[in-house]
Amino acid sequence: MLIRTGKQGFEHSIPSDITPRRVYQQRRDLIRLMAAGASGAVLAAWASRDARASTVAPGKLGALPGMTSRVAGATTIEKPTDYKDASTYNNYYEFGTDKSDPARNAGTLNTKPWTVEVSGLVRKPGKYTLEDLLRLSAQEERIYRLRCVEGWSMVIPWVGYSVSELIKRAEPAGSAKYVEFVTQADRKTMPGISSGVLSWPYVEGLRIDEAMHPLAMLAFGMYGEVLPNQNGAPVRLVVPWKYGFKSGKSIVRINFTDREPKTAWNVAAPQEYGFYSNVNPAVDHPRWSQASERRIGEDGLFAKKRKTLMFNGYEAQVGQLYAGMDLKKYY
Ligand code: MTE
C-alpha cells in the first residue's frame with residue numbers, strides 16, 4: 001500500500017511492501033534486458049538470480065523500527081549487489097586493511113549505547129542517543145550506487161534519512177561553512193587503530209551546502225535491516241556522488257566549523273585524495289585511471305568494466321553545487 005507523506009511529498013510504502021518492490025524492480029530490469037535483445041543465456045542467468053534473491057535480504061539482523069520505503073526520487077533501478085558481497089567486501093581500516101578483515105573483526109564494535117554529539121557553530125548543540133536519531137525523521141530505503149576510489153562499485157539499498165534533517169534541528173550559525181564527521185576510534189575494540197596507516201579518528205567532511213543536499217544520507221540500515229558492524233553500524237554517512245571514502249562509518253560527532261576539515265585520506269596523501277573527491281571519470285587518480293569501474297558481483301569471465309559516470313550518475317541532482325569550479329583543481 002502506498003501512502004503519501006505531506007512533508008516532502010514523497011511516496012512511502014509500508015514495510016511489508018519492501019520485498020515486493022524489489023521483485024518488481026527485478027521484473028522491470030528483466031523487461032529492459034529483453035528490450036535490449038539479451039540472449040537466451042543472459043536471460044537464463046538472470047532468471048536463476050531470482051532464485052537467489054534471498055541472499056539479497058538475509059533477515060539475520062533486526063529490522064529497523066519505523067522504516068518506510070521511498071519509491072520515487074533518487075534511487076536507481078539497477079539490481080542491488082548481493083547482501084553477502086556488500087557485507088563481506090568492505091573498507092573499514094579500523095578493523096584491518098584487507099577487504100575481508102572488517103567482516104571478520106568488527107564483531108567487537110560496541111554499538112550499545114551509542115551517542116552522536118552535535119557541536120561547533122550551531123545554536124542547538126547537543127547529544128543524541130541512537131534512539132533519538134532513529135525517532136528524528138521517517139526512514140526511507142534508497143538504492144544508491146557506491147563508487148570506491150579504488151575502482152569498484154556496488155549498488156546498495158540504504159535505509160535512513162537526509163543529513164539535512166539533523167542539520168536543520170541543530171540550527172547552524174551563519175559562520176558555519178563546513179560539517180565535519182568524526183567517527184569512532186576505540187583502541188580496545190578496533191584492532192586496526194594500533195596501525196599507523198591513517199591518523200585516527202577517521203574524519204570526513206563536507207561543505208555545508210553539500211551536507212544539506214537531500215541525497216546526502218545518514219544511514220542506519222541496509223537491505224531493510226540494521227547496518228552490520230562492518231558497514232558502519234550503528235550510523236554512517238552515505239554521499240553517493242562522492243568516492244566511497246567520503247562516507248564515514250560509525251559516526252560519533254558532527255561538528256560545524258568555518259574551516260575546511262582535515263580529513264583522514266587528505267591528511268594521509270594530499271596529492272591523491274582531495275577534500276571534494278567527487279566521482280569524476282575525467283580526473284585520474286595519480287596512480288590509476290578513474291574512467292571505468294568493476295561492479296562487485298559481476299566478476300564473470302566476460303564481465304565488462306562499466307564506464308564511470310560523472311558524479312557517479314547523480315550529476316543532474318548535484319552538478320549545480322559545483323557550478324564554475326575547476327574540478328581538476330578541487331579534486
Ligand atoms: N569509515 C571509517 N570510519 N573507516 C574506513 O576505513 N572506509 C571508507 C568508507 N568509510 C572507511 C570508512 C571507504 S574507503 C569506503 S569505499 C567505504 O567506507 C566502504 O563502505 P562499505 O564497506 O560499506 O562498502
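## Contacts around Asn231

Two residues are in contact when heavy atoms of theirs lie within 4.5 Å. In this predicted model, Asn231 makes such contacts with Ala86, Ser87, Asn90, Met222, Arg236 and Lys249, leaving aside residues up to four places away in sequence. Asn231 sits in the loop between β11 (225-226) and β12 (236-238). Its relative accessible area is 3%, and buried means under 20%, so Asn231 counts as buried.

The loop between β11 and β12 also holds Pro234. The peptide bond from Ala233 to Pro234 is cis, with omega near -5 degrees.

## The ligand site

Arg236 and Lys249, both in contact with Asn231, are also among the closest residues to the ligand.

A polar backbone atom of Tyr93 is 2.8 Å from an oxygen atom of the ligand. A polar backbone atom of Ser247 is 2.8 Å from a nitrogen atom of the ligand. From Glu94, a polar side-chain atom lies 2.8 Å from a ligand nitrogen atom. On its own the ligand has 530 Å² of accessible area, and the protein covers 98% of that. The space taken by the ligand is the second largest pocket.

Ile254 belongs to strand β13, which spans residues 251-257. With a relative accessible area of 2%, Ile254 is buried. Not counting residues up to four places away in sequence, Ile254 touches Val116, Glu117, Val118, Ser119, Leu166, Val179, Glu180 and Phe181. Between Ile254 and Val203 the C-alpha to C-alpha distance is 9.9 Å, and the two are 51 residues apart in sequence.

One of the contacts of Ile254 is Leu166, a buried residue of helix α6. This helix covers residues 163-170 and is largely enclosed by the rest of the structure, because six of its eight residues are buried. The buried residues in α6 are Val163, Ser164, Glu165, Leu166, Ile167 and Ala170. Just after α6, Glu171 takes a positive phi of about 50 degrees.

## Backbone exceptions

Most residues other than glycine have a negative phi, and most peptide bonds are trans. Against that background, several positions in this model stand out.

A cis peptide bond joins Trp200 and Pro201, with omega about 0 degrees. Pro201 is found in the loop between β8 (178-183) and β9 (203-207). The bond from Ala233 to Pro234, described above, is likewise cis.

Positive phi values occur at Phe311 and at Asn312. For Phe311, which is not a glycine, phi is about 50 degrees. For Asn312, also not a glycine, phi is about 60 degrees. Phe311 lies in the loop between β15 (306-307) and α9 (315-318), and the loop between β15 and α9 is also the place of Asn312. Phe311 counts as buried at 3% relative accessibility, and Asn312 is buried with a relative accessible area of 2%.

Key. Residues numbered from 1 in each chain as written. Predicted model: local features only at pLDDT ≥ 70, side-chain atom pairs only at ≥ 80, totals over all residues. Heavy atoms only, no water. Helix = DSSP H or I, 4+ residues; strand = E, 2+ residues; numbered from the N terminus. Buried < 20%, exposed > 50% of the residue type's maximum accessible area, 1.4 Å probe, protein only. Near = heavy atom within 4 Å. Polar contact = N/O pair within 3.5 Å; in protein donor to acceptor, adjacent residues only side chain to side chain. Areas by Shrake-Rupley, 256 points an atom, 1.4 Å probe, with all protein chains shown as cover. 1 Å grid on protein atoms, 1.4 Å probe; cavity = no way out; pocket = protein on both sides within 12 Å on 5 of 7 lines; lining within 4 Å. Sits in = over half its atoms within 2 Å of the grid points.
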